[in-house]
Protein chains: 2
Amino acid sequence: MNAPAPSAPVTAAILVIGDEILSGRTKDKNIGYIAEYLTGIGIDLKEVRVVSDDESAIVSALNALREKYTYVFTTGGIGPTHDDITADCVAKAFGAPLEFNDVAVKIISERAKAMGTEMNEARMRMARIPRGASLIPNTVSGAPGFRIGNVMVMAGVPSIMQAMLDAVAPTLKTGVKMLSDTIRADAREGDVGTELGAIAKAHPEVSIGSYPFFDEKLGPNTNIVVRARDPEKLAAVKAEVEAMLARIKAQMAGSR
Amino acid sequence: MNAPAPSAPVTAAILVIGDEILSGRTKDKNIGYIAEYLTGIGIDLKEVRVVSDDESAIVSALNALREKYTYVFTTGGIGPTHDDITADCVAKAFGAPLEFNDVAVKIISERAKAMGTEMNEARMRMARIPRGASLIPNTVSGAPGFRIGNVMVMAGVPSIMQAMLDAVAPTLKTGVKMLSDTIRADAREGDVGTELGAIAKAHPEVSIGSYPFFDEKLGPNTNIVVRARDPEKLAAVKAEVEAMLARIKAQMAGSR
């Protein structure tokens, strides 16, 4: 029973920056995407915050999150307009000067030329990178994101963010991947809750979630999701849940 | 020019509770819905946090948010299973005992009976309400949410959450509604950014956001969103932005 101790989990937070999300004008599509992506590569997303385009809100959220988790991924606020203040805030949080980055200037200038537009003050804003940061390539529209310390600064436009995440992911430390299995209960949450709680209590190393859904034919139904890093423990708890569900179904059939 | 001072803005935060959102298994649909809803009734959503089904994470996020904003709306974790710990955590944050609420017991028992199921330990969990809280009706599936202090505790299932929000909204203090107008730039963000920044700087009382989008015909394009509570100020800034866009278009046509 003495399995080798698993390596410490690699954790992460997302910081979504933007008034447009908080006003409801734009519906965020990045949180769910990054969540699924990180789970897939063995990084545990532990927290998400959404803050407005406000310096003190951004700086204090960023400092809280980067202290607490292995990685922080920010989205939004790195475009060419006055309301894009993420780079300024990240520089401030790290106490690093924000400077024109030669490589970023070159990338953005060449992109502007290729698109038949001019390199101007607004576009130059996107070349301001905190000293000590490394660039995250943007294969979609040129202007790069950047990484400083454990913070990945990415665009808010989903297609660009996704390209940046692909670019930065291979450089990240990853943990043992969290495995999961979904068991369809064919019963209501309230019918399985008590016994499911007993199984969860007996297996603290396996996370058990219960998610109600509505089945067109059967009515209220439940998905039970078991999650663990150890495949054997996962399989054992899954079997226990399935046995419990069979027992409950037999009881319910008997009581009719 | 001495308009009456607007009343203090009414602010809010959302606290989304649930491992399933952080694992990416479930894609949140509540943040965008609540954001739009609150904007519509004159409440400014200022922050969102998503935390896991973990007591200390929930309690500390809730305490931070309820201190800071007029209202906090939580979603998720009030079902009948062991992983539903929101009521416990809210009670703990408020230092209030968590008790079986007679009205909630009655509602949930009657619902169970009507559905042909039994009132059991799991369903009784949903009747545990912090002392001093008032119930938020759930017209969809019975088991109520609750309000304690400035915190509204709602379900995570979108249809149920929406019904609860409808039920609680008329009881909330609301501010002067934030008005907004969208101006399609027909130009790239980088082409308008410098002048737009100058307009924003000259009108700190009007919030100006710039949001790139891709137009199938014209390619990269920009929506400029102006937001203010005062309709006259909004109209004045909108006119300034439109004049600026006309000027830039003329320049660009001239330079071809």
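**Around the axis**

Tutor: Of the residues of chain A, Arg49(A) lies closest to the rotation axis, with its C-alpha at 2.2 Å. Keep in mind that this is a predicted model.

Student: How do you know that the two copies are related as by a two-fold rotation axis?

Tutor: Chain A is superposed on chain B by a rotation of 180° with 0.0 Å of shift along its axis, and the RMSD is 0.0 Å. The copies are therefore related as by a two-fold rotation axis. The same surface also serves both of them, since 98% of the contact residues of chain A recur in chain B.

Student: What makes strand 2 of chain A and strand 2 of chain B count as paired?

Tutor: Pairing needs at least two bridges between the strands, and these two have five, in the antiparallel sense. So by that definition they pair. In one of the bridges, Arg49(A) has Arg49(B) as its partner.

**Where the chains touch**

Student: Which residues are in contact across the two chains?

Tutor: Contact requires C-beta atoms within 7 Å; 52 residues of chain A are in contact with 51 residues of chain B. On the side of chain A that touches chain B, helix 1, helix 2, strand 2, helix 6, helix 8 and strand 10 each supply at least two residues. Helix 8 gives the most, with eight residues. By class, that side of chain A has 18 nonpolar, 18 polar and 16 charged residues.

**A sheet in chain B**

Student: How do you know that the length of helix 9 of chain A agrees with its number of residues?

Tutor: At 1.5 Å a residue, its 24 residues should span 34 Å, and the end C-alpha atoms are 35 Å apart, which agrees.

Student: Which residues of helix 9 are buried?

Tutor: Leu234(A), Val237(A), Val241(A) and Leu245(A) are buried; the label requires 20 or more other C-beta atoms within 10 Å of a residue's own. Their cover includes strand 9, helix 8 and strand 11 of chain A.

Definitions and conventions: Residues are numbered from 1 along each chain as its sequence is written. Chains are lettered from A and ligands numbered from 1 in the order in which they are written. This is a predicted model: local features need pLDDT of at least 70, side-chain atom pairs count only at pLDDT 80 or more; totals for chains, interfaces and linings use all residues. Helices (H or I, at least four residues) and strands (E, at least two) are DSSP runs, numbered from the N terminus. The expected span of a helix is 1.5 Å times one less than its number of residues. A residue is buried if 20 or more other C-beta atoms lie within 10 Å of its own, exposed if 12 or fewer, and partly exposed in between; C-beta atoms are placed from the backbone. Ala, Val, Leu, Ile, Met, Phe, Trp, Tyr, Cys and Pro count as nonpolar, Asp, Glu, Lys and Arg as charged, and the others, Gly among them, as polar. Copies are superposed by least squares on the C-alpha atoms of residues with pLDDT of at least 70 in both.
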